[in-house]
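The sequence and the structure are shown first, and the description follows.

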Amino acid sequence: MSSATQAPVQQLALVDCNNFYVSCERLFRPDLRNVPVVVLSNNDGCVVSRSNEAKALGVRMGQPWFECKALVAEHGVFALSSNYALYADLSNRVMQILSEYSPRSEVYSIDECFVDLTGTPNLREVSYAMRQRVMQWTGIPVCVGIGPTKTLAKLANHVAKKHPRSQGVFNFNALTEAQKDKLLTQLPVEEVWGVGRKLTKRLAEYNIHTVQDLKTAHTPTLRADFGVVIEKTQRELQEIPCVDLQEITPEKQQIISSRSFGNMVTELPVLKDALSTFVANACAKLRAQNSQAAVIQAFLHTNRFRKDLPQYSPSLAVPLPYPTNDSLVIFRWVDALCERMYKPEYQYKKAGIVLSDISPVTHYQGDLLEEPAPAQGTLMQTLDALNKRFGRGAVKVSTQGAYSGWQMRQERRSPNYTTDWTEVPVV
């Protein structure tokens, strides 16, 4: 095949929001700019997002907040509770802008999106324009990394973030072969997408320390000792696409809804209230993908970090007589499971439910020994429509939120500036 008929090199861009949670908070708090800021996880437990100033002070991702108290006193680190409603809304706005640049894109996470820019003329100028538009229209800073594969686009995005000369955009495809080898030699192997701490240690035993080492490693040995996933990663580093864009989000095969409590829970009605909220959230997701579940699992956990307290972690699952996505039906089963698991002598710190054996609502397998399944009514559709129109939780199932004892601690949460009329900023 002549070079004139060869397919063009794929120009796959990864657009990643910088310090996303912190950037969202700073959007409505200009006084926090140039100040070390961190955002904390559920119940204000660990650091899940850091500003560059906080990173410079040595605050680690996932570090327990209580370990940072000395830094707060010395450097004035400002902490905020997670506000997922705010982050999700701003994420949707960013992704909507990015979708206008290409008919092919994949929202990879709340702050990352792959955009296929193959064939786009003036690619560098378009990348800077895309970055500028997101900043101008949403106030969220982003960086753009471009490569021939997803793995190399992720690495290019890392370079765009770390090196000021890139000005937020880095195109791996624009490098010469010598420049590519030099760059990959300078990057440690843990920067590769999917290579975690444990895998980094194992690769070191094979004298693989840099990205270039992994790219040039003996492929049969990698496949034999690490499996096909690491082999695909190597091929991606060799500019052979092995991970395609997922333009349509696949339906979930299992849905989990759980949460750690803000306070220890000892009363059965409070546990049931928490589980009713989890059922409502999980069933809403189930109905959103037009699916139904045939197996329900519920679980309770005591605080495993409190060695001075007795430990108890029960879990029960039940197959349903017929698949359903009805919140009321599923809650009745979960309610019964909770009563069977509950023991008053324990203090519970976490609970949750799991919906599995999920299938489309159009699929139904009858049972000769059971009554025919009732028709899926419109009650749940009406409930979802009302909650969509008037806000999540406008119409509730069972007690759902009547007790506050299990609710998360969010002592530092910012207002829902963009999703709640009562919290819209007033000028």
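In what order do the three strands of the open sheet stand? The model, which is predicted, places them in the order β3-β2-β4, and their pairing is mixed. β3 (47–50) and β4 (78–81) lie at the edges with a single partner strand each, so one side of each has no neighbour in the sheet. From one strand to the next, the twist averages 30 degrees. The pairing of strand β2 (residues 37–40) with β4 is parallel and comprises four bridges. Within this pairing, Leu40 has Ser81 of β4 as its bridge partner.

A hairpin is formed by β5 and β6, with two residues between them. Strand β5 (residues 105–109) and strand β6 (residues 112–116) run antiparallel and are joined by four bridges. Here Val107 is found opposite Cys113 of β6.

Strand β10 (291–302) takes part in two further pairings. It runs antiparallel to β12, to which eleven bridges join it, and Gln292 stands opposite Ser359 of β12. β10 also runs antiparallel to β11, in this case with six bridges; Ala298 has Leu316 of β11 as its bridge partner. Of the twelve residues of β10, nine are buried, so the strand is largely enclosed by the rest of the structure.

| Strand pair | Sense | Number of bridges |
|---|---|---|
| β2 and β4 | parallel | four bridges |
| β5 and β6 | antiparallel | four bridges |
| β10 and β12 | antiparallel | eleven bridges |
| β10 and β11 | antiparallel | six bridges |

Attention now turns to the helices. Helix α4 (residues 84–99) and helix α5 (residues 123–138) have axes that come within 10 Å and cross at roughly 145 degrees. The crossing of α4 past α5 is right-handed. On the α4 side, the contact is made by Arg93, Val94, Ile97 and Leu98, and on the α5 side by Met130, Arg133, Val134, Trp137 and Thr138.

Helix α13 (residues 327–341) consists of 15 residues and spans 21 Å from its first C-alpha to its last, close to the 21 Å expected at 1.5 Å a residue. Which residues of α13 are buried? They are Ser327, Val329, Ile330, Phe331, Val334, Asp335, Leu337, Cys338 and Met341. The elements that cover these buried residues include the helices α12 (268–288) and α14 (379–390), together with the strands β10 (291–302), β11 (315–324) and β12 (348–360). The strand β10, itself largely enclosed, is thus among the elements covering α13.

Asn157 belongs to helix α6 (residues 150–162). Is Asn157 buried or exposed? Its relative accessible area is 3%, and because values under 20% count as buried, Asn157 is buried. A polar atom of the Asn157 side chain lies 2.9 Å from the backbone oxygen of Leu14. When neighbours within four places in sequence are left aside, Asn157 is in contact with Leu14, Val15 and Asp16, and also with Cys143, Val144 and Gly145.

Note on methods
Residues numbered from 1 in each chain as written. Predicted model: local features only at pLDDT ≥ 70, side-chain atom pairs only at ≥ 80, totals over all residues. Heavy atoms only, no water. Pairing = 2+ DSSP bridges. Axes fitted to C-alpha atoms, helices over the stretch in contact; angles between N-to-C directions. Expected span 1.5 Å × (residues − 1). Buried < 20%, exposed > 50% of the residue type's maximum accessible area, 1.4 Å probe, protein only. Contact = heavy atoms within 4.5 Å. Polar contact = N/O pair within 3.5 Å; in protein donor to acceptor, adjacent residues only side chain to side chain. Left-handed = near helix turned anticlockwise from the far one by under 90°.
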